[in-house]
Amino acid sequence: MALSDGLIFFGIVCFLIGIFMIVTEHKQHKKTLGNKKLADRIIFYKNKWQGEHAVLVCAPFGVAVLLTVLSCITDLNIFLYLAGAEMLVASVIIYNKMMIYVESNAFNSLDDSEKNN
């Protein structure tokens with residue numbers, strides 16, 4: 001397998017992950033329903049989680065690049081398919097972990113402030 005084939009496959013996987021992220025952002029926007037305060041809290045907690053877990057967010061990309069290079073060096077396509085599968089699965093798992101944190105903090109703090117009023 002040539003390096004260009006590996007890069008094309010890697011690009012397709014990144015494109016699919018981008019589509020997944022766009023769809024989930026659209027669903028999140030529908031949840032806020034124009035509530036600016038809630039949207040700001042969601043953005044704050046997303047940035048906070050990503051800052052605290054930067055290594056976790058970047059690790060799947062490093063592993064995928066390593067598997068892609070390994071596939072090109074050894075001419076075994078299995079490493080390339082593993083890189084794609086690893087990227088998709090890791091991105092979904094990491095995004096879900098982040099959103100669990102965001103929803104537990106953003107929505108709970110909003111409920112607490114509404115109870116105080």
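Predicted model: local features only at pLDDT ≥ 70, side-chain atom pairs only at ≥ 80, totals over all residues.

Mentor: Start with helix H3, residues 54–74: at 1.5 Å a residue, its 21 residues should span 30 Å, and the end C-alpha atoms lie 31 Å apart, so the two values agree.

Trainee: Which residues in H3 are buried?
Mentor: Pro60, Ala64, Leu67, Thr68, Ser71 and Cys72 are buried in H3.

Trainee: Take serine 71, then. Why does serine 71 count as buried?
Mentor: Serine 71, which sits in helix H3, has 0% relative accessibility, and buried means under 20%, so it counts as buried.

Trainee: What follows H3?
Mentor: Aspartate 75 comes after H3, and its phi is positive, near 60°.

Trainee: Back up a bit. How do the axes of H2 and H3 cross?
Mentor: H2 covers residues 36–52, and its axis comes within 4 Å of the H3 axis, with a crossing angle of roughly 70°. Angles of 65 to 115 degrees count as roughly perpendicular, so H2 is roughly perpendicular to H3.

Trainee: Which residues meet there?
Mentor: On the H2 side they are Trp49, Gln50, Gly51 and Glu52, and on the H3 side Ala54, Leu56 and Val57. By class, this contact of H2 with H3 has four nonpolar residues, two polar and one charged.

Trainee: New topic: lysines. Where is lysine 46, and is it buried or exposed?
Mentor: Lysine 46 is in helix H2. Its relative accessible area is 9%, under the 20% cut-off, so lysine 46 is buried.

Trainee: What is lysine 46 in contact with?
Mentor: Leaving aside neighbours within four places in sequence, lysine 46 is in contact with Glu25, Gln28, Tyr95, Met98, Met99 and Val102.

Trainee: You listed Tyr95 as a contact of lysine 46. Where is tyrosine 95 found?
Mentor: Tyrosine 95 is found in helix H4, residues 77–116. With a relative accessible area of 6%, again under 20%, tyrosine 95 is buried.

Trainee: What else does tyrosine 95 contact?
Mentor: Beyond its neighbours within four places in sequence, tyrosine 95 is in contact with Phe20, Met21, Thr24, Glu25, Gln28 and Lys46. Tyrosine 95 and methionine 21 are 74 residues apart in sequence and 8.6 Å apart in space, C-alpha to C-alpha.

Trainee: Now the whole protein. How many helices and strands are there?
Mentor: The protein has four helices and zero strands, and from the N terminus on its elements run α-α-α-α.

Trainee: How much of the protein is buried?
Mentor: Buried residues make up 30% of its 117 residues. The protein exposes about 7,500 Å², of which carbon and sulfur atoms supply 69%.

Trainee: What about contacts between residues at least 24 apart in sequence?
Mentor: Among contacts between residues at least 6 apart in sequence, 76% join residues at least 24 apart.

Technical notes: Residues numbered from 1 in each chain as written. Heavy atoms only, no water. Helix = DSSP H or I, 4+ residues; strand = E, 2+ residues; numbered from the N terminus. Expected span 1.5 Å × (residues − 1). Buried < 20%, exposed > 50% of the residue type's maximum accessible area, 1.4 Å probe, protein only. Axes fitted to C-alpha atoms, helices over the stretch in contact; angles between N-to-C directions. Parallel < 35°, antiparallel > 145°, perpendicular 65-115°, else oblique. Contact = heavy atoms within 4.5 Å. Nonpolar A, V, L, I, M, F, W, Y, C, P; charged D, E, K, R; others polar. Areas by Shrake-Rupley, 256 points an atom, 1.4 Å probe, with all protein chains shown as cover.
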